[in-house]
Structures are given as C-alpha cells and as structure tokens.
Amino acid sequence: NLTQGTYVAGGFAREAGFSGDGAEIWHKGPLPATQRMRRMPLVGGPWRPFLGDLTHSVAWSPDGRRIAVAVRKDGRQTLRVGAGDGSGMRPLGETLDVRGAADWSPDGRWIATGGIDSKGAGLFKIPVDGGMPVRLVAGAALNPVWSPDGTIIAYQGANVGGREPLKAVAADGADIEQVHLSVRVDADHHM
C-alpha cells in the first residue's frame with residue numbers, strides 16, 4: 001500500500017492528486033489498460049474506481065466538497081462539475097474545448113481553464129453556478145492557477161522555441177505588469 005511505499009497499478013501514474021479533504025489519493029495510469037481513474041485512502045487499502053475512463057485533470061474546490069474534471073467526448077474535451085465522490089456531474093462551459101488543467105477560484109465561484117471557443121484559443125473563467133465562459137486572454141493559455149487572494153490568475157503561455165512563458169492576468173481580465181519568466185522543456189524535465 002501507499003503508506004508502505006509500494007505501488008502496484010500497472011505502471012507509473014500519468015496524473016495524480018489528493019482528495020479535497022486530503023484523506024485519499026487518486027491517480028490515472030499512462031497506458032490504455034490503466035487509463036482509468038482510481039483512488040485509495042492514504043492509510044492504505046485497495047484502489048477503487050473513481051470517475052470514468054475518459055476523465056482527467058481533477059480540480060478540487062477550495063472547500064473540498066466538489067470537483068471539476070475534463071471529459072473527452074466526440075473529439076472535444078469539456079468540463080463537468082459535481083460532488084467530490086463523482087456523483088451529480090453536470091456540464092460546465094459547454095462551448096469550450098478545454099485545454100490543460102482547470103483551477104477553482106479561492107471563493108469557489110469560478111473555474112479558470114485554457115480552451116478554444118468560436119473565436120479561438122484563450123484563457124477563460126466560468127461561473128460554477130452556470131453561465132457563459134468569460135474570455136480573459138486571447139491566445140494559447142494552459143494550466144491556470146488562481147492567486148490565494150483571487151485577484152490574479154497565472155498560466156502557461158504558448159511554447160515558443162522550447163520555452164513556455166509564465167504569464168498572468170487580473171481575475172477581471174485587466175492587464176497587469178508582467179514579470180518575464182519562462183520554462184524550458186527538456187524531455188521530461190522542466191527548467
């Protein structure tokens with residue numbers, strides 16, 4: 001089991017994370033036979049199915065009670081939101097073809113994600129209680145992360161020459177002064 005440092009689930013984990021309350025760990029394997037999400041208690045025990053085969057990028061709400069997941073269907077990737085155990089899943093921001101991971105705002109009212117809509121790629125925030133996605137930035141934007149106070153969203157820009165710039169935007173879409181940082185991708189290492 002995990003607490004004893006052994007792990008047998010058909011290979012390494014492609015994605016992994018902790019449940020909102022920190023009591024469980026979830027993972028998704030890299031191969032078709034292991035690309036099902038599973039979870040288990042941190043104290044050990046058997047892996048149990050979690051969500052479906054076509055889901056990934058689990059984002060837990062700040063209160064740990066809800067999740068947002070990306071679901072692939074009909075060649076598109078869309079968001080679903082529901083209870084932390086995977087029940088009651090409903091679509092969110094269906095006009096977007098989601099790209100990368102999603103992140104909840106600290107107040108739990110919004111989810112930020114990269115995606116593509118009828119106007120092209122961008123960074124969006126979507127009201128959790130329903131409504132249309134709000135475009136914050138045009139162009140490639142992946143893996144957003146909200147600041148703890150909810151005023152800024154940092155994200156990964158387009159890969160140019162092997163570098164992926166770290167960018168940021170105010171949560172209301174206003175420009176902010178940018179600090180120029182970039183990440184160079186070298187095989188599986190980020191520098």
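Of the contacts in the protein between residues at least 6 apart in sequence, 26% join residues at least 24 apart. The model is a predicted one. Its secondary structure consists of 17 strands and zero helices.

**The protein as a whole**

- The protein has 191 residues, and 39% of them are buried.
- Its accessible surface amounts to about 10400 Å². Carbon and sulfur atoms account for 56% of that surface.

- Strand β11 covers residues 120–127, and strand β12 covers residues 134–138. The two strands run antiparallel and are joined by four bridges.
- Within this pair, Lys-125 stands opposite Val-134 of β12.
- Six residues lie between β11 and β12, and the two strands form a hairpin.
- The turn of this hairpin contains Gly-130, whose phi is positive, at about 115 degrees.
- As background on strands, side chains in a regular strand alternate between the two faces of the sheet.

- Most residues other than glycine have a negative phi. The next two residues are to be read against that background.
- Asp-74 is not a glycine, yet its phi is positive, near 55 degrees. Asp-74 sits in the loop that links β6 (66–73) and β7 (76–83).
- Asp-74 has a relative accessible area of 73%, so it counts as exposed, the cut-off for exposed being over 50%.
- Asn-143 is not a glycine either, and its phi is positive at about 50 degrees. Asn-143 belongs to strand β13, which spans residues 142–146.

**A buried loop residue**

- Ser-147 is located in the loop between β13 and β14, the latter being residues 152–156.
- Which residues does Ser-147 contact, leaving aside its neighbours within four places in sequence? Ser-147 is in contact with Pro-106 and Ile-152.

Conventions
Residues are numbered from 1 along each chain as its sequence is written. This is a predicted model: local features need pLDDT of at least 70, side-chain atom pairs count only at pLDDT 80 or more; totals for chains, interfaces and linings use all residues. Side-chain values use heavy atoms; hydrogens and water are left out. Two strands pair if DSSP finds at least two bridges between them. Buried means under 20% relative accessible area, exposed over 50%, partly exposed in between (1.4 Å probe, protein chains only). Contact means heavy atoms within 4.5 Å. Accessible areas come from the Shrake-Rupley method with a 1.4 Å probe; for residues, only the protein chains shown count as cover.
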